[in-house]
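Hi,

Here is the model I promised to pass on.

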Amino acid sequence: MSDTDMSDTTTSDTSAPTPVLEAVGLRKTFGDFVAVDGVDLSLAAGASLAVVGESGSGKTTTARMVAGLEVPTAGAVRWNGRSLPGHRARTAVRRSFAQDVQMVFQDPYASLDRRQRVDDSISEVLSHHTDLRGSALTRRAAELLDQVGLGTRQARSLPRALSGGQRQRVAIARAVAVRPRVLVLDEAVAALDVSVQAQIVTLLRELREQSGIAYLFITHDLGIVQHICEDIVVMHRGRVVERGRTVSVLERPEAPYTRKLIGSVPRRGWTPKRADTTP
Ligand SMILES: Nc1ncnc2c1ncn2[C@@H]1O[C@H](COP(=O)(O)OP(=O)(O)OP(=O)(O)O)[C@@H](O)[C@H]1O
Ligand SMILES: [Mg+2]
């Protein structure tokens, strides 16, 4: 990002800082079907916001619009108070946005090159987005892999030789390599078993503490959100039905749908009938 693109969050202005990412009235239709309907989101620098809701509620569609991968039918996405760059924007502006917002998906295997060694895939991102070359680049790649808990043996491996949790660590290392301001994580831990989920959640917490990165954390798993996000929005059929601090929303849900969603989490006495949130 160029100096002139910097938001006023770094000035001594006492008014509320400009959100790093803001979505206003986002709407997406596919033919006659309304997938997302008037969604507003606001993410402060270094904050962590969960988007929860059942399957098909519009979470991924919202995330893709926010990350600039999908064009909204209506509404706007603002980045540091500026509109998201369109296809006709200057390459430098688009590249700066692409660098500032990174996405991590549920299946890291799909976004990793199967023939490329892990360390090479990190080096590739670094050489594309930074001025690092030669031994400085190799050092930084090793440092990033170390930061996400991967050692030399894994660094020299192909993705297929890694476990699901290790592959997700590589995807996270690639995403944070470009020092983004926002990481959009779409069901990033959904495919992992519970103990590996816990490790990745801890890793994400540490990365945020160290770097001040902000997270938009998309999940259908209510058990995880309070460990990673201070704020939450609940989506149902493309709309936001409730929003607030995660602790209050989970402890004292106000919207009937949120109550149902919380009631559907498997625990003692869980039955498929009780868990079904369809009216
Ligand atoms: N490209 C598309 N074409 C047509 N319909 C789509 C498309 N993408 C999404 N949809 C529809 O929009 C709705 C919302 O989908 P979305 O993927 O955003 O849900 P989600 O909340 O992420 O669900 P999940 O938890 O299962 O990932 C769904 O009904 C889906 O079928
Ligand atoms: Mg989804």
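Below is what I found, going from the whole chain down to single elements.

First, the ground rules: this is a predicted model, where local features need pLDDT of at least 70 and side-chain atom pairs count only at pLDDT 80 or more, while totals for chains, interfaces and linings use all residues. Residues are numbered from 1 along each chain as its sequence is written, and chains are lettered from A and ligands numbered from 1 in the order in which they are written.

**Overall**

The chain has 12 helices and 10 strands; these are DSSP runs numbered from the N terminus, with helices being H or I of at least four residues and strands E of at least two. The radius of gyration is 19 Å, which agrees with the value near 19 Å for a compact globule of 279 residues (taken over C-alpha atoms; the rule is 2.2 Å times the number of residues to the power 0.38). The C-alpha trace spans about 60 × 45 × 40 Å along its principal axes. Some 36% of the 279 residues count as buried (20 or more other C-beta atoms within 10 Å of the residue's own; 12 or fewer is exposed, in between is partly exposed, and C-beta atoms are placed from the backbone). Of the contacts between residues at least 6 apart in sequence, 65% join residues at least 24 apart (a contact means C-beta atoms, placed from the backbone, within 7 Å).

**The open sheet**

Four strands line up antiparallel as β2-β1-β4-β5 in an open sheet (strands pair if DSSP finds at least two bridges between them). β2 and β5 (82–83) are at the edges with a single partner strand each, so one side of each has no neighbour in the sheet.

**Around β9**

I'd look at β9 (231–236) next. Six of its six residues are buried, so the rest of the structure largely encloses this strand. D231, V233 and M235 are buried on one side, and I232, V234 and H236 on the other. β9 pairs in parallel with β3 (48–52) over four bridges, D231 being the bridge partner of L49. With β10 the pairing is antiparallel, over six bridges, and M235 stands opposite V240. Two residues separate β9 and β10 in this hairpin, and R237 in the turn has a positive phi of about 50 degrees.

β9 and β10 (239–245) also turn up as packing partners of helix α11, along with α9 (222–225) and α10 (246–251). The buried residues of α11 (256–263) are Y257, T258 and L261. They lie on the same side of the helix, because they cover an arc of only 100 degrees around the axis (directions from the helix axis to the C-beta atoms).

**Ligand 1**

The shell around ligand 1 is made of F30, F33, A35, G53, S55, G56, S57, G58, K59, T60, T61 and H220 (C-beta atom, placed from the backbone, within 6 Å of the ligand). β2 (33–43) and α1 (59–66) are the elements giving two or more residues, and α1 has the largest share with three. The shell divides into three nonpolar, eight polar and one charged (Ala, Val, Leu, Ile, Met, Phe, Trp, Tyr, Cys and Pro are nonpolar; Asp, Glu, Lys and Arg charged; the others, Gly among them, polar).

**V201**

Last, V201 is in α8 (194–211), and with 18 C-beta neighbours inside 10 Å this residue counts as partly exposed. Beyond four places in sequence, V201 contacts V189, I224, H227 and I228.

Cheers

Conventions
Contact = placed C-beta atoms within 7 Å.
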